[in-house]
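Okay, thanks for coming, everyone. Have a look at the structure on the screen, and I'll walk you through a few spots in it.

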Amino acid sequence: MSTSSRKRTDPLPRKPPNVVAIYPGSFDPITNGHLDLIQRGSRMFDTLIVSILRHDTKEPLFSVEERIAMLLEVVHVYPNVEVDSFGGLLVDHATAHSATVLLRGIRAISDYEYELQMALMNRRLRPDIETVFMMANEAYSFISSRLVKEVFGLGGSISGLVPPSVEVRMRQRLSRSILKGA
Ligand SMILES: Nc1ncnc2c1ncn2[C@@H]1O[C@H](COP(=O)(O)OP(=O)(O)OP(=O)(O)O)[C@@H](O)[C@H]1O
Ligand SMILES: [Mg+2]
């Protein structure tokens, strides 16, 4: 079921006793910017589910299973943070987990337009699910997975941009592709 039977003018339900939030993204790979949002989100919601979008339009470096493993390596220190993946509509995934919040980050004005469009579409599909935006930590606001991969691929240091365990996996991936002659 992809749309709510609720009319947008109906009163919204009250706050549930346990607030579940979904933090969706590609996480290819997880960066310290993502991790900062996860840490802050874990203090706001009873449960935070970091959900990897399957069938992303972007060509991934790591498989969904590898990304789940990389996320689990870093979020296990937060007892109320879970890791999952989803295909199809985000609001359907949220509803399946009884989530009432979608968590997203804003780094710069360039993020705003896309994020606004997505938030309004998701509200139209499910008025009872709220998108909550967090401003990026100023120390990490320039970091994206794409830029991390680009810099790393060109031989630049990504230390401090991603968790150490991710850096190790990136190095392994690079040496494997060099061995294969890719
Ligand atoms: N450094 C960061 N600080 C705060 N929020 C971030 C940061 N990086 C990504 N986000 C937010 O996390 C969510 C998921 O983003 P996404 O998976 O596209 O990450 P990304 O780093 O932008 O990856 P890509 O470069 O592949 O697009 C989005 O809401 C995005 O704005
Ligand atoms: Mg992005």
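Let's start with Ser26, which touches Ile52, Leu53, Asp56, Lys58 and Ser145, leaving out residues up to four places away in sequence. Touching, or being in contact, is when two C-beta atoms, placed from the backbone, lie within 7 Å.

Quick housekeeping: this is a predicted model, where local features need pLDDT of at least 70 and side-chain atom pairs count only at pLDDT 80 or more, while totals for chains, interfaces and linings use all residues. Residues are numbered from 1 along each chain as its sequence is written, and chains are lettered from A and ligands numbered from 1 in the order in which they are written.

Back to Ser26. You'll find Ser26 in the loop between β1 (20-25) and α1; helices here are DSSP runs of H or I with at least four residues, strands are runs of E with at least two, and both are numbered from the N terminus. Is Ser26 buried or exposed? It's buried, because 20 other C-beta atoms sit within 10 Å. The cut-offs, with C-beta atoms placed from the backbone, are 20 or more others within 10 Å for buried, 12 or fewer for exposed, and partly exposed in between. Ser51 is 25 residues away from Ser26 in sequence, and 8.2 Å away in space, C-alpha to C-alpha.

Then, just after α5, Gly155 has a positive phi of about 90°.

Arg146 also shows up around ligand 1. Of the 20 residues around the ligand, Gly25, Gly33, Gly105, Ala136 and Arg146 come nearest; to be near, a residue's C-beta atom, placed from the backbone, must lie within 6 Å. Which elements give two or more residues to that shell? They're α1 (32-42), β4 (101-106) and α5 (145-153), and α1 has the largest share, with three residues.

Last stop, α2, residues 64-75. In α2, Arg67, Met70, Leu71, Val74 and Val75 are buried. These sit on the same side of α2, since their arc is only 120° around the axis. Met70, Leu71 and Val74 are also among the contacts of Ile30 beyond its neighbours within four places in sequence.

Methods:
The arc is that of the directions from the helix axis to the C-beta atoms.
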